[in-house]
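Work through the exercises below with the sequence and the structure open. Each task is followed by its solution.

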Amino acid sequence: MTGWLDGKTVQLIGEDPAIAAALEEAGAILVQEGESDCLVHIARAPAPKLAHHITHGEWRAAMHAGLDDRFEAAKLFNEAARSAQRGGAILFVGTPEQQAGADQAAAAGALGNLTKSIAVEWARDGVRVNTILTNENGPALGRMAAYLLSDYAAYVTGAVMGIGLND
Amino acid sequence: MGLAMAIAFAQGGAAVGVMGRSIERAEEGASKIAALGVPVHATSCDVRDPDQITQAFNATEAAIGPVSLLANNAGANFPVLTENMSMNAWNAVTRIAIDGTFLCSAEFARRREKAGRGGAIINNSAQYIWTGFPGDAHSAAAKTAQATMTRKLAEDWAPLGIRVNAVAAGFFPHESSTSGNGAEAISPLQNMIPAGRTGQTYEFGWLSALLCSPLMEGLTGQVILQDGGESLRRSLMMPDFVPPREREDGPWGWK
C-alpha cells in the first residue's frame, strides 16, 4: 500500500499504534490539529459493567467519547472541507456494539446510523464517512483504515464494518 | 405514541403511571387513560436527570404500587441538516432518547432486582435505524442507540427476569408528529409505503403492550419492525437521489 496516502494529511484523534503505523507506511502525514485531508477518530469502549451498575457519570463519559465527541469532530471537519471546496474522508474506529457494556451498545449503535446519515448528507461534497468496529488491533485493521482513507475507496461511504470473525 | 402505548396497557388491565416532561401534558394523558377505568397517576420528570427519575418512580409507586412494566417513549425530533445542527440540538435529541431510556430502565431494573421480581421493558425505536436518516442525523443516532442498547440490556437483565424489547416504528401520524395529521400531509406519505397507508397509533400501542405481556414470556432482546414495509422498499425502483440540502421544502423538510 506504499504511496496510497502520499501527501495526504490525517488528523488522528485517539490512539491505535497499528493504525498510526499503517497510515504512515502508506505515506500519510499525521497531524494533531488544523486542517487536514482526513479525520480518524479512535475511541475504545470502557471495561464492561452490568447495565444497572453503570453510574450516570460513567454512562455520560462513554457517550461523550464514543459518540458526542466524534459528532463534533466530524462536523468541524466537514465545515472546513466545504469552505475550502475540497473533499475528504472521515473514519471512526471503536469497539463492536455488543461486545462491551450497554453504554457501548448504545454509543456504537448510534455511531453506525450517524455514519450512514452523514455519509449521504455529505456524499456530493466529496466527503466520505465510514466506521470500523473491532476488537482487533493488528496490521489488518491498520491497512483497512489506510484503504478507507485513500482514493481507492472513493466509492465506499456509509459503510460500517468489522475486521475479524468476532466483530 | 406514548399515549397509545398507555391506552393499550390500560385496555389489558394495567394500572398506568404517566411520566412526562410537562405535568399538564401528563395529566391530560392520564385523564384519557382513567376513562378506561384503571388506576392512573401522572408525574413530571426530565428523563435526563436520574434524581428526578428516582422521585418520579417513588411518587408513582406510592400512588399505584410497584412498577412491573416500563415503556420508554420520551423523544424529540426535528429535521435539520447536520451542518446546521448546533451541539445543543444534538444533545437535546440524543440525550432525551439515549440517556433517558438508559436511566429510566436502570432505575426500573434496580427496583425489580431489590423486589426479587422480574418485569418487562418496551422501547420506542424507529424504522430508520438500519438505513441512516439523512437530514435527521441526531434522531438517526438516538433511535439506533435505543435498539442496540435493547439487546445488551436484555442480556444483562435476563438473570433478573427482566425482558427488554423494542418496536422499530414507521410513520404513525398523530397530533404532534412533524408532518401533522392533516389529510394533505399524509397522502403523499401513504404513496411511499408498500402497505398503502400510514400506521394507526393503536396498532403501535397494541404491539408494545403485547410484547410486555405474559403471552410473550421468553421473548427478549428483540427489535420488531412495524412500518408497513416502508423501510423494505426496493431501492432499484426509487426515484432519483435528491441531496438533503436540496429538499428543504419536502415532506420532511425544515422550511
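**Exercise 1: a helix pair across the chains**

Describe how helix α3 (residues 102-121) of chain A packs against α4(B).

Step 1. The angle between α3(A) and α4(B) is about 155 degrees, and their axes lie 11 Å apart. Axes are lines fitted to C-alpha atoms over the stretch in contact, and angles run from 0 to 180 degrees between N-to-C directions. Helices are DSSP runs (H or I, at least four residues), numbered from the N terminus.

Step 2. Angles over 145 degrees count as roughly antiparallel, and α3(A) and α4(B) are therefore roughly antiparallel to each other.

Step 3. A:Ala102, A:Ala106 and A:Ala110 of α3(A) meet B:Thr94, B:Ile98 and B:Phe102 of α4(B); contact requires C-beta atoms, placed from the backbone, within 7 Å.

The model is predicted: local features need pLDDT of at least 70, side-chain atom pairs count only at pLDDT 80 or more, and totals for chains, interfaces and linings use all residues. Residues are numbered from 1 along each chain as its sequence is written, and chains are lettered from A and ligands numbered from 1 in the order in which they are written.

**Exercise 2: the contact as a whole**

How many residues does each chain bring to the contact?

Step 1. Chain A gives 32 residues and chain B gives 37 residues.

Step 2. On the side of chain A that touches chain B, α3(A) supplies the largest share, 14 residues.

**Exercise 3: the shape of α4(B)**

Where is the kink in α4(B) centred?

Step 1. Helix α4 of chain B covers residues 87-115.

Step 2. The kink, about 40 degrees, is centred on B:Arg95; the bend is the angle between axes fitted to the seven residues ending there and the seven starting there.

Step 3. Just after α4(B), B:Gly116 has a positive phi of about 70 degrees.

Definitions and conventions: Helix = DSSP H or I, 4+ residues; strand = E, 2+ residues; numbered from the N terminus. Expected span 1.5 Å × (residues − 1). Parallel < 35°, antiparallel > 145°, perpendicular 65-115°, else oblique. Contact = placed C-beta atoms within 7 Å.
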